[in-house]
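Good morning, colleagues. Please bring the model up on your screens, and I shall take you through its strands, its cores and its charged pairs.

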Amino acid sequence: MILKASIFIIFITLFVHWETSEAEAQGDIGRANLPPRGWNSYDSFCWTISEEEFLKNAELVAQRLKPYGYQYVVVDFLWYRKKIMGAYTDSYGYDVFDEWGRMLPDPGRWPSSQGGKGFSEVAQKVHSMGLKFGIHVMRGLSVQAFNANTLILDTTTGKAYEEADRQWRAQDIGIKERTCSWMKNGFMSVNTKLGAGRAFLRSLYQNYADWGVDFVKHDCVFGDDLDLHEIKVVSEVLNELNRPIIYSLSPGTNAKPIIAKEVSGLVNMYRITGDDWDTWNDVSVHFNVARDFTAANLVGIKGLKGKSWPDLDMLPLGWLSDAGSNKGPHRYSRLNLDEQRTQVPSHLWWRYETA
């Protein structure tokens, strides 16, 4: 089911290929009743994807994969980073954010976002194709926003958050000693014990809902980077929002079943492997991981307003980029045909375990 057209590659990210009923396709019987299926931009574009490239890939998903239950098209990380000289995956000073410290799409790559519209127009176009729209987000607070000491929005008043007779700012809630281990110049945890910290997280996810987001991939909060406090607050916020949003956690390095049991009821998906690239070693380790999570009875159990699924990451097939690259697809998958045919069933095992 891997398709390509010119440079725009359909990169199948999540699990399964079987047919769905109309009710399942519309999400009428609970969130993530089946493992969410779709396309994610990371392995083909790293962080550099543009609005035009994204929408062309979405069109291919709608035309060729939607009949098989593929619903989601997801923009992966750093959609808020300006693609200019000096910017890379852990650079500092190139990100776009609003007066409340919330990330905004880079208007150079996402021209429809100009004027504070965020991803609203992109989401509308995706929805018009009969698909659902997703984004990647990082933990907590941007280091840039922390240093700018932006105010925190109170979504209940539409004004700056106030408590104890004062307005609260980014430096009141940011925990600079807890930056993301693999993006230290990017993001840090926030203090969720503070009302202002919880208000900041609420303002983020309310903003995503207002844009029309249907799926959030929340990074640097699971596995070795576990931040259970932030996961719980985000889960509570998503539970209260009027818009249903699938909640997915990433990354998954050292995500053992004992850790997964702490989060499975709070989310709809969570990564249980590291980044999956086109090497046989990455493919082969999935078998033992899948065995362990199946034995732990963690497949398709109760999650956030629906079910929860361990996630084996993407299928690195077709035209790819490289981790950390500043350019889009420029090489073909290094997996040979037999290895590709082996990997696809390894991502389908949930079907047989839950049928």
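Let me begin with a definition: two strands pair if DSSP finds at least two bridges between them. Helices (H or I, at least four residues) and strands (E, at least two) are DSSP runs, numbered from the N terminus. As to the source, this is a predicted model, in which local features need pLDDT of at least 70 and side-chain atom pairs count only at pLDDT 80 or more, while totals for chains, interfaces and linings use all residues. Residues are numbered from 1 along each chain as its sequence is written, and side-chain values use heavy atoms, with hydrogens and water left out.

I turn to strand E4, residues 72-75. Strand E3 (residues 38-40) runs parallel to E4 and is joined to it by three bridges, with Asn40 standing opposite Val74. E4 is also joined to strand E5 (residues 132-137), again in parallel, by four bridges; here Val75 stands opposite Ile135. Together with helix H4 (residues 120-128), E4 and E5 make a right-handed β-α-β unit. Right-handed means that, with the strands pointing away from the viewer, the path from the first strand over the helix to the second runs clockwise.

Which way do the side chains of E4 point? Tyr72 and Val74 point one way, Val73 and Val75 the other, and all are buried. Buried means under 20% relative accessible area, exposed over 50%, and partly exposed in between, with a 1.4 Å probe and protein chains only.

That brings us to the nonpolar cores. A nonpolar core is a set of buried Ala, Val, Leu, Ile, Met, Phe, Trp, Tyr and Cys residues joined through side-chain atoms within 4.5 Å. The largest one has 88 residues, and Phe54, Trp79 and Phe133 are among those with the most contacts inside it. Helix H7 supplies the largest share of this core, nine residues. Phe54 touches, among others, Val73, Val74, Val75 and Phe133, not counting residues up to four places away in sequence; contact here means heavy atoms within 4.5 Å.

A separate topic is the open sheet of three strands, whose order is E6-E12-E11 with antiparallel pairing. Its edge strands are E6 (141-142) and E11 (174-180), each of which pairs on one side only. E6 pairs with E12 (residues 183-190) over two bridges, and Leu141 has Met188 as its bridge partner.

Finally, the charged pairs. A salt bridge is a side-chain nitrogen of Lys or Arg within 4 Å of a carboxyl oxygen of Asp or Glu; the structure holds 16 of them. One joins Asp214 to Arg243, with the closest N and O atoms 2.7 Å apart. Asp214 lies in the loop between H7 and strand E13, and Arg243 in the loop between helix H8 and strand E14, so the pair ties together parts that are 29 residues apart in sequence. Asp214 is buried at 8% relative accessibility, whereas Arg243 is partly exposed at 26%.

Arg331 pairs with Asp278, also as a salt bridge, with the closest N and O atoms 2.7 Å apart. Arg331 lies in strand E19 and Asp278 in the loop between strand E15 and helix H10, so this pair links parts 53 residues apart in sequence. Both Arg331 and Asp278 are buried. Through shared partners, salt bridges join Asp278, Asp322, Arg331 and Arg334 into one network.
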